Amino acid sequence: MKLAGKFMMVVAAFVLMTNLAVAQSQTGPATPTTPNEDLDLPFEKPTPENTPQEIQVPEEEPDPEEEPPTFHGEPIPSENSTIFYVIDASCSMGWDNRSYVDENGNRRTGNRMQRAKSELRRSVAALPRTFSFNIIAYGCSIQRFRGAMVEANAQNKAAAIGWVNGRNPNDGTMTGPATAAALQDRNNMSVVLLTDGAPNCGASGMNGHRSLIRNSNTQNAVITVFGIGASGSLRNFCQQVAADNAGSYVDVP
C-alpha cells in the first residue's frame with residue numbers, strides 16, 4: 001500500500017509538469033515589460049509646443065539717458081563716457097550784455113559769463129548717469145571743480161552747478177595751460193572748450209597755446225571748441241585747436 005501511494009504521487013507530479021509545458025507552448029515565452037508599459041504611458045511625438053525652443057532675449061529698449069551730452073545744441077562725442085568742461089572766466093567774459101534764454105526757458109539779459117554759466121548748468125544737469133565729468137574755469141589761474149573726474153549722479157551734478165554759480169570773470173586768458181590741465185587726466189577723452197578772447201598768459205602767443213594743447217593730448221581726446229563772440233585771429237585760433245584735436249568749432253552768441 002505504501003508503494004502504491006508513492007507511485008500515485010509520482011504520476012500526479014508528472015501529469016502536472018506535462019500540463020504546464022503544454023500551457024507554455026500555447027502562450028509563448030513571457031516578454032519583459034518596459035517601464036513605459038508598466039506605467040501605461042503613451043509615446044508623445046514632439047510638436048512645436050512641447051519641443052524645447054531656443055530662448056529669445058528681447059532687445060533692450062534704448063535708454064533716453066544714453067543720448068550724448070550737448071553744449072549749445074552741439075552733440076559732444078566721447079568714446080568712453082567722459083567729458084571735461086574748460087570754461088574761460090577772464091575779464092572779457094564780463095562784457096557784452098545781451099538777451100538770452102536760460103536753462104529753464106526764461107528770457108534774460110546777461111554778459112558772456114552769465115550766458116556761459118547758464119549753458120554749462122544745462123549741459124551738466126542733462127549728463128547721463130553713465131558719464132564722468134569735471135570742470136575747469138580759468139583766467140591766468142586755474143580753478144578746478146574736483147581733483148578728479150566724478151560720476152554724473154544727482155549729488156555731483158548739484159555740487160557742480162553750485163560751483164559754477166560761484167565763478168566770476170577776472171584776470172587774463174590762459175587757454176593753453178587750462179586745456180592741458182584737463183588733458184592730464186588720461187582717461188578723459190572729450191573736452192568742451194569755451195573761450196572769448198585771445199590767450200595772453202601761460203604760454204607764448206597763440207601758437208604757443210595751440211602747441212601746448214596739441215602736445216598734451218597724448219590720449220587723442222576730441223576737443224570741441226566754442227567761440228563766444230569770437231572773430232578775427234581769435235576765431236582762427238579756436239578753429240585750429242579744434243582741427244588739431246579731431247574736434248569741431250562752433251560759434252556761439
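Visitor: Is Arg210 buried, partly exposed or exposed?
Guide: Buried means under 20% relative accessible area, exposed over 50%, and partly exposed in between (1.4 Å probe, protein chains only). The model is predicted: local features need pLDDT of at least 70, side-chain atom pairs count only at pLDDT 80 or more, and totals for chains, interfaces and linings use all residues. Residues are numbered from 1 along each chain as its sequence is written, and side-chain values use heavy atoms, with hydrogens and water left out. At 21% relative accessibility, Arg210 is partly exposed.

Visitor: Which residue forms a salt bridge with Arg210?
Guide: A salt bridge is a side-chain nitrogen of Lys or Arg within 4 Å of a carboxyl oxygen of Asp or Glu. Here the closest N and O atoms are 2.7 Å apart. The partner of Arg210 is Asp244.

Visitor: How many residues apart in sequence are the parts that Asp244 and Arg210 tie together?
Guide: Helices are DSSP runs (H or I, at least four residues), as are strands (E, at least two), numbered from the N terminus. Asp244 lies in helix α7 (residues 232-244) and Arg210 in helix α6 (residues 205-216), so the pair ties together parts whose separation is 34 residues.

Visitor: What is the distance between the closest N and O atoms of Arg214 and Asp244?
Guide: Arg214 is partly exposed, with a relative accessible area of 33%. Arg214 forms a salt bridge with Asp244, and the closest N and O atoms are apart by 3.2 Å.

Visitor: Where does Asp251, the partner of Arg235, lie?
Guide: The two form a salt bridge, with closest N and O atoms 2.6 Å apart. Arg235 is in helix α7, 16 residues away, and Asp251 is in strand β11 (residues 249-252).
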